[in-house]
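Here are my notes from going through this one. Have it open in your viewer while you read.

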Amino acid sequence: MAAKTDPPAGPSSGGGRALFLLAPALIVIGVLFGGGLVAGAWQSLAPLLPGARLSLDAYRAILGDPGFPGALGFSLYIALTATMLSAVMATAVALLLRQTFPGRRLISFLVQVNLTIPHAVGAIGILYLLSQSGTLSRLAHGAGLLDRPAQFPELVYDRHAIGIILHYMWKEVPFITLILLSQMQTIGQDYAAAARSLGAGRWQCFRHVTLPLIAPALAAASAIVFAFCFGAYEVPLLLGPNSPAALPVLAYRVSVDADLATRPQAMAMAMVIAALSAALVLIALRAARRAMGRA
Amino acid sequence: MSLVSRLALCAATLAATQGWADTPDGAALIGQDWEKIVEAARGGEVNFFLWGGSDTINRYVTEDLGGILLRDYGITLNRVGVTDTAEAVNLVLGETAAGVTDAGSVDLIWINGENFRTMRQGDLVWCGYTETLPNNALVNWNNPSIANDFGVPVDGCEVPWNRAQFAFAHDSATLAEPPRDMAALIDWIKANPGQFTYAAPPDFNGSVFVRHVFYHAAGGADALLGPFDQATFDAVAPKAWAILNDLEPYLWRKGETYPNTITQLNNLFANGEVALTFNYDASQSGAAVDAGQYPATVRSYGLTDGTIGNTNYTVIPANSPNKAAAMVLQNLTLSGDAQLRKADPAVWGAAPVIELDRLTPDLQSAFAALPAHPSVVQPAELGAAALPELQAEWISAIEKGWAENVGR
């Protein structure tokens, strides 16, 4: 009976139409991203030199490369630390920004303003701020806190990747916050208010009501952040130590080696990065779905 | 429907505009009348890939060379900056492997040494055309350091562009007397902990610094010249790694890490974190002073036991679709006027690669009258103690050995 009032495009043709409208985006993703992935996988298996044949030699070679485990561990350490710290901090910021207090709009704006700044620019900013010849070091020296600027703690080019992690937090806390705030907007205050009126404390309310409700969004945003931090090249290049190198930096070094025979190894490393990112994103999303099911 | 037709129209327009100055067929150009080549190139474009880390060089290429190309030949020069020349080589390699043999995206690469060897190894270079360039007459191909690129014969596959020689730099205001030979440098590093470091190979400049240490360990370059020899390498390498590992505790950050790029090292020097820096192009310290990055009291200098020098070139990939335009650009880079402009310290300050006595008297006196930059060591003084480059296999082995034994 509602059929008469349906718009001309019914549900089924609406699906076709949606597909048609999505086609440009899907083609771009499929051809550029999927094509790049397939080409990379192919090049990791097939050396470009004449007379070579398909093999897993490149994967065997990187497993035997003494630099590879260190680089993999370093990248995992950076991505996990940066993601976890960002997720915790973003949750706190989102909870605070949901309150009403004077200056909230300004603070919300300030928290999100750096979303538009490119990573490379942010990383160079961190370098100017935190290096041993950077602004903070010079201020500390000028204030008489340090005898020489070089006594400033090693926050960039360091093996603990402090500069890299700080950069990622600076950049990703606003991103996760933004996603959490929009999720909280959708959920509304009712559940939390009901819990509080039934006698739940602040922590109990957060732990048993708010957190399960925002967990899917938090997991999804964290998965994106992890995949980015794990696969990014420019930030560890600009702020990281020479050794251990982050995995993408090592892959680049291998890809520009003068010996053409090493090209498949660089592609193999890129494939490892892609596979691990994809696996962790899938795990995070599945966990989020389960959390949502429970809540 | 309309989308499809619009796409088809786009493709057709693209093909048409790309098509009319296409000259992928190299064989038809070799030995051809130069006027005809210029006509074939007219109105086209040339994609020039080169290391993009120097503002002065970028400006010279875009404004000087690009300006003349557009004005005199109607050719558009697209300068594409890369961090590492191997990126351009990889592009050509990838395209060729994908079957793109006459419509590649790279028409000219600034290149030498191991990247040139890589391109020849992969058969990615267009060869045999250099005699066709009129300004080839200005090049002295009897000079072995021009006819050989890091020990590999050029064989008409590249056109020389510059001479370069490695030089250190110090700030005369804070370090009046820098160490002037390799042994003195090693002692100085130990006496001044934290004041020295070098960019980690495979950075081009860091790699050549490590080669200086290698020469020092070998007691000179002579034993290392010629094709790669595993026995010699095995005899020299442990000594070189011992010297470098010995130095580590006295380096910046106690050698726990090294700058990843020469740009990082130069920034450490500019900020006073280290007292010495270096560059394969001595004129770069002058450019950094003019840019306000280094204080005016910075001076570049050579070593009494010599620094390594090379010739660098431009190369046309075999799959370049704009070979005629690339040839016109190469011919332009060799002209007396372009080499003179490039030699001006205010423009770039790169040493000429052509024989000056083959130029007109006017140009010769213009070269003689070029001002000297106070921060840049005189090419003649630097050239008095010049060391040859090694063949590419040596360089690969040294870079690999450094990563395994020193830079772990």
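How many residues of chain B are in contact with chain A?

1. The interface. On the chain B side, 28 residues are in contact with 20 residues of chain A; contact here is C-beta atoms, placed from the backbone, within 7 Å. Helices α4 (85–97), α5 (113–121) and α16 (392–405) of chain B each supply at least two residues of the side that touches chain A. By class, that side of chain B divides into seven nonpolar, 12 polar and nine charged residues. The classes go like this: Ala, Val, Leu, Ile, Met, Phe, Trp, Tyr, Cys and Pro are nonpolar, Asp, Glu, Lys and Arg are charged, and the others, Gly among them, are polar.

2. Ground rules. This is a predicted model, in which local features need pLDDT of at least 70 and side-chain atom pairs count only at pLDDT 80 or more, while totals for chains, interfaces and linings use all residues. Residues are numbered from 1 along each chain as its sequence is written, and chains are lettered from A and ligands numbered from 1 in the order in which they are written. Helices (H or I, at least four residues) and strands (E, at least two) are DSSP runs, numbered from the N terminus.

3. Strand β10 of chain B. Is β10(B) (residues 307–315) buried or exposed? Nine of its nine residues are buried, so β10(B) is largely enclosed by the rest of the structure. Buried means 20 or more other C-beta atoms within 10 Å of a residue's own, exposed 12 or fewer, and partly exposed in between, with C-beta atoms placed from the backbone.

4. Its partners. Strands count as paired if DSSP finds at least two bridges between them. With β11(B) (386–387), β10(B) runs parallel over two bridges; Ile308(B) has Leu387(B) as its bridge partner.

5. A helix pair. Val213(B), Phe214(B), Ala217(B) and Ala218(B) in α8(B) meet a set in α9(B) that includes Val236(B), Lys239(B) and Ile243(B).

6. A loop residue. Leu356(B) sits in the loop between α13 (336–343) and α14 (361–368) of chain B. Leu356(B) is partly exposed, because 15 other C-beta atoms lie within 10 Å. Beyond neighbours within four places in sequence, Leu356(B) is in contact with Gln364(B) and Phe367(B).

Notes. Two residues are in contact if their C-beta atoms, placed from the backbone, lie within 7 Å.
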